[in-house]
Amino acid sequence: MDLRYTEAEESFRAELRAWLDEALPKLPAKPDRNDWPGRRAYDTTWQRMLFDAGYAGIHWPVEAGGKGATPTEHLIFLEETERAGAPYVGANFVGLLHAGPTINAAGSEEQRRKYLPGILSGDDVWCQGFSEPGAGSDLASLRTRAVRDGDDYVINGSKIWTSHAEVADYCEMLVRTDPNAPKHKGITWLIVPMDTPGITIRPLETVMGTSEFAEVFFDDVRVPVANRVGEENDGWRVTMVTLSFERGTAFVSEVVACQRLLHELAELAKKVTRRDATAWDDIALRRELGHLTAEFEALWALTKWNVSEAARSGVPGIGGSVFKLRFSETKQKVYELAHRLLDRAALVVEDVAGLPSGDLMDERLSSLSYTIAAGTSQIQRNIVGERILGLPKER
């Protein structure tokens with residue numbers, strides 16, 4: 001893979017920077033973190049701005065409504081938007097990073113025409129209905145049932161850790177359609193409109209005091225068979241497509257964010273005092289910052305490889321598990337370092353004495369979930385061991 005930038009790519013970067021300089025000041029004020037209708041409006045406004053400027057789904061194929069950008073252009077886009085402080089996908093993340101790519105890769109032509117435009121424009125927000133109270137890491141143990149009744153499936157059961165369910169229009173959902181088949185064989189992937197009668201949403205408060213997750217209950221919820229992606233009982237294969245995007249390329253811009261954060265922590269260390277010296281005078285701290293910076297340089301190189309792999313094959317490869325495993329654990333180390341650097345200021349989730357402790361500690365708490373969400377570190381190690389290294393499977 002040639003990672004040098006061509007003249008055309010540098011021109012693309014310059015055009016993007018110019019647009020960001022013009023567009024970002026037009027964004028409204030960021031809403032309170034607990035105002036989910038406001039956060040949806042903020043996130044979808046930004047998505048619409050990207051859509052109108054031709055940057056929405058920049059790496060999606062042209063036939064799917066995207067720009068058909070090369071892997072390098074995609075990485076330039078992520079670098080520049082992150083470094084400019086542009087909003088992340090926010091409430092749009094399930095649609096843009098999971099459901100949309102899955103429908104494009106495994107859905108029918110009719111489904112692509114119906115659902116992809118709304119995802120790209122920000123008109124439709126999606127949530128994910130995979131995990132259940134008894135099926136988290138062992139996702140194939142899910143028990144939510146869908147029984148065929150003519151042209152509909154009738155769904156009964158519940159889902160948990162459903163991100164942004166209270167503001168979502170659609171849910172990408174896994175259901176069990178054959179309870180007698182082996183657990184990986186009787187699953188089906190459905191598109192569920194969230195305004196369907198019989199759906200009850202119960203928000204869950206996180207350790208940060210926010211409610212981006214919810215428990216969702218389904219009581220005789222009727223969903224058309226036409227909303228099925230892939231064949232009946234073939235949902236596990238479709239799920240592997242979804243999870244490959246979730247683990248392979250969904251965290252790309254967060255690598256850039258962590259690289260920027262490490263630079264900010266270095267500058268902060270030069271201002272924070274420890275008795276008669278600054279934190280920066282601590283050799284051990286400088287060494288740790290150096291090691292973490294090197295880790296994220298390596299992760300950025302792996303990111304380039306994963307994005308190129310996705311461009312060649314249409315979906316990210318199992319190398320995404322290597323990335324997800326290392327990224328989630330290294331990100332936690334970055335925020336552990338921030339915690340130590342802030343010292344007593346890290347005891348509150350708000351800015352203290354001019355220190356950015358509010359955002360840093362909010363992210364510190366959030367980072368604890370990274371070794372659980374999108375497949376625990378133990379699951380990722382099993383995938384790496386069995387599917388990459390060829391080690392014997394667990395018994």
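pLDDT is the predictor's confidence in each residue, from 0 to 100, and helices (H or I, at least four residues) and strands (E, at least two) are DSSP runs, numbered from the N terminus. In this predicted model, local features need pLDDT of at least 70, side-chain atom pairs count only at pLDDT 80 or more, and totals for chains, interfaces and linings use all residues. Residues are numbered from 1 along each chain as its sequence is written, while side-chain values use heavy atoms, with hydrogens and water left out.

The chain has an average pLDDT of 86, and 91% of the residues score at least 70. Among the elements of the chain, strand E3 (residues 152–159) has the highest mean pLDDT (98) and helix H6 (residues 235–248) the lowest (70).

The structure holds ten aromatic pairs, where rings of Phe, Tyr and Trp (its six-membered ring) pair if their centres lie within 6.5 Å, and planes under 30 degrees apart count as stacked, over 60 as edge-to-face and the rest as tilted. Two of these pairs are tabulated here.

| Pair | Centre to centre | Angle between planes | Class |
|---|---|---|---|
| Phe 12 and Tyr 55 | 6.4 Å | 65 degrees | edge-to-face |
| Tyr 115 and Trp 126 | 5.8 Å | 80 degrees | edge-to-face |

Phe 12 lies in helix H1 (residues 7–23) and Tyr 55 in the loop between helix H2 (36–53) and helix H3 (71–83), so the pair ties together parts 43 residues apart in sequence.
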